[in-house]
Amino acid sequence: MTAEERPASPPLTERQEARRRRILHASAQLAGRGGFDAVQMREVADAARVALGTLYRYFPSKIHLLVATMQDQLQHMHTTLRKRPPAGDTSAERVAETLMRAFRALQREPQLADAMVRALTFADRSVSPEVDTVSRLTTAIILDSMGLEHPTPQQLSAVRVIEHTWHSALITWLSGRASIAQVKIDIETVCRLIDLTAPGGPVGESARGGPGGQAAPAAGEGRRAV
């Protein structure tokens, strides 16, 4: 069954939500200790105190489970950032600080980070809704750091490029091909796109029909929901 054919799931009851949280906690614990290969569905079921069949009703595969685990980690991060917003005089500085805080959190659990990134890499179309949720959460975290309620199409494009860079930097760091110091430089560099695409900035001004630019169509995109 494809993602498009999958029927919408009804809201979980309190008991079901508690069971789901146990499953995600068990997944994170196993991945944190042994990485991607350590997350075996039977072991997750045992650790979460659920039947194996029950686990598969919640998560059809290990990839679904690990992508959902990343979603859960991002939701926790989003809540933390709202309680302790990033410092910085500009949007670019605040976003860079936010993403580096996320990196430092992942640095504390590299096995878990590697398992979640592998799952995203291996995800096929059946996992599209879960992958899309991860992307929306990442976008929401960045937009919150920017303090934007209604980003322009140019700003959303900049956010997508920042997301791609963040993901690529995470992969190169996990593979040992980049240091945290190099990741910091890359993140700070790409975050400068935020200033360039801000209304009044070089790209934003051009998009509005400023000097040397053509008028852009009216923005039809608002903030994406978490």
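Trainee: Which helix gives the most to the lining of the second largest cavity?

Mentor: That's H4, with 4 residues. Keep in mind that we're looking at a predicted model.

Trainee: And which residues line the second largest cavity?

Mentor: Met 70, Gln 73, Leu 74, Met 77, Leu 106, Met 116 and Trp 166. By class, that lining has 6 nonpolar residues, 1 polar and no charged ones. The space in there comes to about 40 Å³.

Trainee: What lines the largest cavity?

Mentor: Leu 74, Met 77, Thr 98, Leu 99, Ala 102, Thr 138, Ile 141, Ile 142 and Trp 166. H4, H5 and helix H7, which runs 128-146, each put in at least two residues. Sorted by class, you get 7 nonpolar, 2 polar and no charged residues.

Trainee: How do the residues of the second largest pocket's lining divide by class?

Mentor: 9 are nonpolar, 5 are polar and 5 are charged.

Trainee: H4 keeps coming up. How far does H4 reach from its first C-alpha to its last?

Mentor: It reaches 32 Å over 22 residues, close to the 32 Å expected at 1.5 Å a residue.

Trainee: What's going on at the start of H4?

Mentor: A side-chain oxygen of Ser 61 comes to within 3.3 Å of the backbone nitrogen of Ile 63.

Trainee: Is Lys 62 buried or exposed?

Mentor: Lys 62 counts as buried, because its relative accessible area is 17% and the cut-off for buried is under 20%.

Trainee: What is Lys 62 in contact with, leaving aside neighbours within four places in sequence?

Mentor: Phe 36, Asp 37, Val 39, Gln 40 and Met 41. As for Ser 27, 35 residues away along the chain, its C-alpha is 9.3 Å from that of Lys 62.

Trainee: Which side chain does Glu 163 make a polar contact with?

Mentor: Thr 139: the two side chains are joined by a polar contact of 2.3 Å.

Trainee: Let's zoom out. How many helices and strands does the chain have?

Mentor: 11 helices and 0 strands. Read along the sequence, the pattern is α-α-α-α-α-α-α-α-α-α-α.

Trainee: What percentage of the residues count as buried?

Mentor: 43% of the chain's 226 residues.

Trainee: And what share of the contacts with a separation of 6 or more comes from residues 24 or more positions apart?

Mentor: Those account for 70% of them.

How values were computed
Residues numbered from 1 in each chain as written. Predicted model: local features only at pLDDT ≥ 70, side-chain atom pairs only at ≥ 80, totals over all residues. Heavy atoms only, no water. Nonpolar A, V, L, I, M, F, W, Y, C, P; charged D, E, K, R; others polar. Polar contact = N/O pair within 3.5 Å; in protein donor to acceptor, adjacent residues only side chain to side chain. Expected span 1.5 Å × (residues − 1). 1 Å grid on protein atoms, 1.4 Å probe; cavity = no way out; pocket = protein on both sides within 12 Å on 5 of 7 lines; lining within 4 Å. Points joined across faces, edges and corners; volume = space filled by probe spheres on them. Buried < 20%, exposed > 50% of the residue type's maximum accessible area, 1.4 Å probe, protein only. Contact = heavy atoms within 4.5 Å.
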